[in-house]
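User: Could you take a close look at the sheet in this one, plus the loops that come off the strands? I'd like the backbone details too.

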Amino acid sequence: MSMLSPEELAALMPAESSIYPAPIPVQAVSSDEFSPAPQTLKQKEYELRVKQIGAELSKHQGLTRRKFFKTASGMAAAFLAMNETYGPIFGVSQAEAATPEMAAERARGLSGQFIMDMHTHFLRDDTSLAGFVRSREAVGKAGWNPALVGKPQTLEDLKFANYLKEIYLDSDTKIACISGAPSEKPGDWFLTNDMKANARATINGIAGAKRAYAHAIFTPGYAGWLEEIDRAIEVLKPDSFKGYTIGDNTHKDLSKHPWLLDDEKLVYPAYEKFAKAGLKNVCIHKGLFPPSVEKQFPHLLRNSKVDDVAKAAKDWPQLNFIIYHGGYRYGGGNGAANAWEQFEKTGRIDWVTDLAEIPAKHGVTNVYADVGQLFAQSTIADPRVSAVMMGQLVAGLGADHVCWGTDAIWTGAPQWQIEALRRIEIPEELQKRYGLKPLGPADGPIKSAIFGENNARLYGVTAAQRAAVTGDKIASGKAIYDKHGEGRTNMAYGYVNSRLPSSAA
């Protein structure tokens, strides 16, 4: 099943066979959580620029263009094309893109950076979310991709083996949390709580160190949901719990159990159980609910906003409320264009600005933002939006309350997102106009805190654990892979919109 309608699916194509595999995606990609926007004119401009730059530089370096884009120079070239398209937002030089040794030296110098990604996904082996498969089969039947004609399609690229490769081998990620999403249809949970725990055990067993963490999903209002919390705590021992106040995000039309964080009668008994078990981190899906989705499901709007965060945080100071997607409303559609339009008119972006203002307005210190999808979706559409939102979150919550998450592997290996944050800076003009402070260098205090220090503090990662992941079996395997492996595919997985480029910036 898919949460997208047949009409929406008809306009979509599989990302892995439909868009050019540049190091930074050339248009918005989604899972089936929301319909992606068509490629904008700016994104088309970026695609043309990155192809042209890649063709010129790969020829000079004696590589094919696709092989060039797997190198550190190729990654730099992609950011050079982004700057030429959107303005000087990313720290990169022509010399880095043209000089393999310079790019490789920079990449090596940052490869040891501690990156703890607490927002990742893959799909279960028996998934019934067949929308991905159906879209690939439709492409084959239509003859758009000859390689797919008459060939049965699978979701292997979104399953465990590729997850392991793309998170730990194709990126600088050191530790990752396996997340999931619930559904009114039991077979449509991305992963069950047991599956997440088992995958965590498998990865840590392979590594010989604690590389993987796992959420347990809690579902207020579902039959037996409090008993499932007890079972998870006792048997599965999750590293934290995650909830979706929207209820069933995969099938919004079937969502019968939306809830609010500050519902004392329904939800506070769960917080009591978390606190008693010493599980202080409560991860909450918020946002990704643009006006187009609101029109379809207006009754779920209040559950998607961040208005219920402050009271819950104030009532439960012993817990940390980590708001996933940073509450960013504008996932899908012309999201970044709408966000920028709102920002230029008001200086605000729904519901990121609202989240950032909670500490000052309500006197709480236990509200955090996870930047999964917030950063990915806005970076490829309009990096000014990414820069401004990061600046607002840092200013309002504090640099020590903004946490790294990528929502990978929906958008492929997360290395491009890592490189984007390393290089991005708030333009000086916007810093001055809105009183935002610079994000600083790739390994400076602000970005280092976001990349890993904050999550490490929240989850109690010890110095010994951090040392262990630098010399475990995954680290050894990555060293061999970096030297002899094929490298990143630069593919994204999920859906892209097949409509012609829109005029949105």
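Analyst: Here's a walk through the sheet and then the loops.

Keep in mind that this is a predicted model, where local features need pLDDT of at least 70, side-chain atom pairs count only at pLDDT 80 or more, and totals for chains, interfaces and linings use all residues. Residues are numbered from 1 along each chain as its sequence is written, and side-chain values use heavy atoms, with hydrogens and water left out.

The sheet is open and has eight strands, ordered E3-E4-E5-E6-E7-E8-E9-E10 with parallel pairing. Strands here are DSSP E runs of at least two residues, helices are H or I runs of at least four, both numbered from the N terminus, and two strands pair if DSSP finds at least two bridges between them. At the edges sit E3 (116-120) and E10 (402-403), each pairing on one side only. Further in, E5 (212-218) and E6 (240-244) are joined by four bridges, and His215 stands opposite Ser240 in E6.

Now the loops. Between E7 (281-285) and helix H13 (291-296) you'll find Leu288, whose phi is positive, near 50°. For context, most residues other than glycine have a negative phi, and most peptide bonds are trans.
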